[in-house]
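Here's a quick tour for anyone meeting this protein for the first time. Take a look at the sequence and the model, then read on.

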Amino acid sequence: AASSLFARISHTATSGESITEDVTSVLSFSSLLAMPIFFGAIVIADDLMITLYGTDYSEAGILLIGIALYRVIRSQTSPLKSVVKGLDRPDFTLYLSTIVLVVNVILGIVLLLEFGAIGVVGATVFAEVVRYVGLVWFLRRERPDLRFVPRPVLEQVAAGAIMCLVVTAALSLVDLSPLVEVPLALAVGAGSYAVILLGVSKYHRSLVRRLLSGLH
């Protein structure tokens with residue numbers, strides 16, 4: 001989506017047309033999968049790590065949660081970076097990437113010495129937040145009409161949060177080994193997220209209809 005957005009923004013901006021619809025459209029679905037993965041990781045990260053790598057990694061779930069959070073932020077910064085490039089300002093993305101790299105390295109070293117591996121993940125998440133803030137600041141100045149948090153993104157957050165509660169409640173009703181709990185949690189999570197999102201969001205129902213019609 002980000003790569004196609006770059007070409008579309010470049011063409012639209014050159015012709016003097018508004019880029020708002022294109023940007024909003026991509027931002028609306030770019031976090032569609034990253035959001036439930038993050039909320040799901042909050043619930044089953046520890047059990048998932050035990051299932052995949054054994055009990056020695058029982059406390060590594062926090063790393064998975066941090067990485068999932070990074071992917072959520074990244075799913076928004078990647079399209080925004082393409083928008084900036086499409087507006088013919090690769091110089092700004094270069095400056096911003098340099099700042100992000102410096103922040104990531106310096107903060108990563110400090111937090112690594114203080115907190116270990118989780119410090120590195122924390123530094124990466126913080127650096128990506130810096131990138132997001134920088135991109136939003138630049139685009140607000142260049143294109144004040146842009147919306148950076150479309151309604152579908154808020155609906156995904158709400159559906160992910162409710163899904164998190166549903167999976168937690170479901171797992172509290174059973175006492176199973178991680179080998180059984182993880183697939184169960186994944187099935188309940190995926191199903192509840194889809195049902196909730198389609199139930200509350202007209203946008204996502206329309207998106208599914210378009211996808212299904214494209215398969216025929």
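What pattern does the protein chain follow, read along the sequence? The answer is α-α-α-α-α-α-α-α-α.

## The big picture

This is a predicted model, where local features need pLDDT of at least 70, side-chain atom pairs count only at pLDDT 80 or more, and totals for chains, interfaces and linings use all residues. Residues are numbered from 1 along each chain as its sequence is written, and side-chain values use heavy atoms, with hydrogens and water left out.

The protein chain has nine helices and zero strands (DSSP runs numbered from the N terminus: H or I of at least four residues for helices, E of at least two for strands). Its C-alpha trace spans about 60 × 50 × 25 Å along the principal axes.

## α3 against α4

Helix α3 (residues 34-53) and helix α4 (residues 61-86) have axes that come within 8 Å and cross at roughly 170°. Axes here are lines fitted to C-alpha atoms, for helices over the stretch in contact, with angles from 0 to 180 degrees between N-to-C directions. That makes α3 roughly antiparallel to α4 (over 145 degrees; under 35 counts as roughly parallel, 65 to 115 as roughly perpendicular and the rest as oblique).

Who touches whom? In α3, the residues meeting α4 include Phe-38 and Met-49, and those on the α4 side include Leu-64 and Val-72; contact means heavy atoms within 4.5 Å.

## α2 against α7

Helix α2 (residues 20-29) packs with helix α7 (residues 151-172) at an angle of about 10°, their axes 8 Å apart. So α2 and α7 run roughly parallel to each other. On the α2 side, Leu-27, Ser-28 and Phe-29 meet Pro-152, Val-153 and Gln-156 of α7.
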